[in-house]
Amino acid sequence: MTQADMQALPTPRRIGGRTALAGVIGWPVVHSRSPLMHNFWLAQYGIDGAYVPLPVRPGAFDVAVRGLQAAGFRGTNVTIPHKEAAFRIVDRLDRSARRSGSVNTLVFAPDGAIEGYSTDGDGFVANVEAHGIAVTGGRALLLGAGGAARAIAASLLDRGVAVTIANRTAARAHELADAMRADAEAGAMVDVAPWDGLGTVLPGCDMLVNTTSVGMHGGPPGDLPVDLALATPALVVCDIVYVPRQTALLRTAAARGLRCVDGLGMLIHQARLGFRKWFGTDPVIGPEVEALLDADLRGEES
């Protein structure tokens, strides 16, 4: 091979003994966009680091986390089905995790402790605010009562937004409301509405947030019991689903002239805290990373 041929070869990425390591634990984890996003930021800021997918079977989470910690990883993101296990394994629980009752970010501290954070709620709020919408006061109608709903409810309540929770299984909605009321700061700002009785609730809301999986992969919005014809013109419609970015709910809202916020920005904004903790840099949320993820998602849809 000639010297010219050598110069034409791509420069291999160097990973050595000082490379900072982090990743995302899940089962399955092959579809996670986090490695694409974090490795983009690592390259953008010239950081000697790598972020990798970590497929871990149910039941093996604790062993895997202790092994990664022993191997020198800085920490991990946690996705389904391991968030409850992550909540149990931490030594120090950040307020964000206590309020949301979930952990999606682990940090392996220098003193050997495992720290747990929840970034979903603040990531949601940051995404809404990035669309030029102030998140303060008013009332939000929250559809769903899972882990994401709890994190988002906590962050909305922290900003003075009253929250009405509706879930197909009413008992779960009441459980979430009771958990939020347990924090004195929430007080009477949380209530529950019946899944099939939202017609009387929606006109009094400033924000509608879908935290369910309805609409994912192009599914119809028919399972969501909301009639946007009853909304005020000021309603903001948010969907945390990002495959596709424009869900049927958001398309219906846009057709009525309502302001819409899709879920891709939440994915990006919630990743900032972990990146800062692991790699020492607070990434700027610019158009480049959104375009990168959007192109990747469009490739899946085609």
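**Burial, pairing and packing in the predicted model**

Q270 lies in helix α10 (residues 264–270); helices (H or I, at least four residues) and strands (E, at least two) are DSSP runs, numbered from the N terminus. The model is predicted: local features need pLDDT of at least 70 and side-chain atom pairs pLDDT 80 or more, whereas totals for chains, interfaces and linings use all residues. Residues are numbered from 1 along each chain as its sequence is written, and side-chain values use heavy atoms, without hydrogens or water.

Q: Why is Q270 called buried?
A: Its relative accessible area is 9%. Buried means under 20%, exposed over 50%, and partly exposed in between (1.4 Å probe, protein chains only), so Q270 is classed as buried.

Q: What makes the pair Q270 and N104 a polar contact?
A: The two side chains approach to 3.4 Å. A polar contact is a pair of N or O atoms within 3.5 Å, one able to donate a hydrogen and the other to accept it within protein; residues adjacent in sequence count only through side-chain atoms on both sides. Setting aside residues up to four places away in sequence, Q270 touches N104, T119, D120 and G123, where contact means heavy atoms within 4.5 Å.

Q: Why does R14 count as exposed?
A: R14 has a relative accessibility of 74%, and therefore falls in the exposed class. R14 sits in the loop between α1 (3–8) and β1. Beyond its neighbours within four places in sequence, R14 is in contact with T19 and D48. From N127, R14 is 113 residues away in sequence and 34 Å away in space, C-alpha to C-alpha.

Q: Why are the buried residues of α3 said to lie on the same side of the helix?
A: In α3 (residues 61–70), F61, A64, V65, L68 and Q69 are buried. They lie on the same side because they cover an arc of only 130° around the axis, taken from the directions from the axis to the C-beta atoms. An α-helix has 3.6 residues a turn, so residues three or four places apart point the same way. The opposite face of α3 carries the exposed residues V63 and A70. The buried residues pack against elements including β1 (20–26), β2 (49–55) and α4 (83–89). G72, with a positive phi near 95°, follows α3.

Q: How do you know that β7 and β10 pair?
A: Two strands pair if DSSP finds at least two bridges between them. Strands β7 (residues 139–143) and β10 (residues 207–210) share four bridges, in the parallel sense. L141 stands opposite L208 in β10.

Q: What makes β9 and β12 edge strands?
A: The open sheet has six strands with parallel pairing, in the order β9-β8-β7-β10-β11-β12. β9 (190–192) and β12 (259–261) each pair on one side only.

Q: Which residues have the most contacts inside the largest nonpolar core?
A: This core has 29 residues, and those with the most contacts inside it are F124, V128, I152, L156, M207 and C238. Such a core is a set of buried Ala, Val, Leu, Ile, Met, Phe, Trp, Tyr and Cys residues joined through side-chain atoms within 4.5 Å. The largest share, six residues, comes from α7. A second, separate core of 23 residues includes M37, V243, L273 and V289.
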